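Dear colleague,

Please find the structure below, followed by a summary of what was found in it. I would be grateful if you could read the two side by side.

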Amino acid sequence: WRPSLVDDEHKFVYVPISKNACTSIKNWYAKIKGDTEYSLDTSADFHSKQGAKYNKLFTEDYFKFAIVRNPWERLLSAYKFKFLKKKDPPVPQLNKKINGNENKTISFEQFVKYVCSSTDLECDVHWKPQHIFFNDIKLDYLAKMETLESDLKEISKNIGFEIKLEKLNSTKKTNLNDYYTPLLAEKVAKR
């Protein structure tokens, strides 16, 4: 089973990748469908409602799309969101594993080194390599966070109605050089 958002009426499948406008897309979709149970706190449960539609990922007559992001931006966003803001699992476990104390937040450098030395299976969805989410799916459109506005217009044309997003769970734009040394950036590139 793979989390996805399937709309049978408009025949599209969205393949979500964490930290790539995923919550914004789910929020938009829940609103247009009148899903009153959806909230940011229950967004992970949203996928369980879609699980039975897994086979639509491989159906030719459904428009399939995903959104990717600069991997350095995504990793920094995941760190800020999970370690500095939410601090829910697997954060305490990683803090304890790396620092010996679940309440002592690991540094960004420690986080990058951990991610880059982990297998794909060991990675949380928020920092799992993006290609893992869609590597066996023939996507019709691969949008980019960096060109999201124009990409969503193109996707909207293909699915027959407008995708209009609110920015949710967004992290403040920062200079990557403030976080990445050349060595850390190279580790991410090799990963």
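**Surroundings of N20**

Leaving aside neighbours within four places in sequence, N20 is in contact (heavy atoms within 4.5 Å) with Y14, I67, V68, R69, R74, Q130 and M145. This is a predicted model, in which local features need pLDDT of at least 70 and side-chain atom pairs count only at pLDDT 80 or more, while totals for chains, interfaces and linings use all residues. Residues are numbered from 1 along each chain as its sequence is written, and side-chain values use heavy atoms, with hydrogens and water left out.

N20 is placed in the loop between strand 2 (12-15) and helix 1 (22-33); helices (H or I, at least four residues) and strands (E, at least two) are DSSP runs, numbered from the N terminus. With a relative accessibility of 0%, N20 counts as buried (under 20% relative accessible area, with exposed meaning over 50% and partly exposed in between; 1.4 Å probe, protein chains only).

**I25 in helix 1**

Helix 1 contains I25, which is buried at a relative accessible area of 1%. Not counting residues up to four places away in sequence, I25 touches L5, Y14, I67, L152, I163 and L165. The C-alpha atoms of I25 and L5 are separated by 9.3 Å, the two residues being 20 apart along the chain.

**Helix 4**

In helix 4 (residues 91-99), the buried residues are V91, L94 and N95. They cover an arc of only 105° around the axis, and so lie on the same side of helix 4; the arc is that of the directions from the helix axis to the C-beta atoms. These buried residues pack against helix 3 (71-86) and helix 5. The exposed residues K96 and K97 are on the face turned away from the buried side. Just after helix 4, G100 has a positive phi of about 80°.

**Aromatic rings**

Rings of Phe, Tyr and Trp (its six-membered ring) pair if their centres lie within 6.5 Å; planes under 30 degrees apart count as stacked, over 60 as edge-to-face and the rest as tilted. By this rule there are 17 aromatic pairs. One of them, F108 with Y180, is edge-to-face, at 5.1 Å centre to centre and 85° between the planes. F108 lies in helix 5 (residues 108-117) and Y180 in the loop between helix 6 (148-159) and helix 7 (182-190), so the pair ties together parts that are 72 residues apart in sequence. F108 is buried at 7%, and Y180 is also buried, at 7%.

Kind regards
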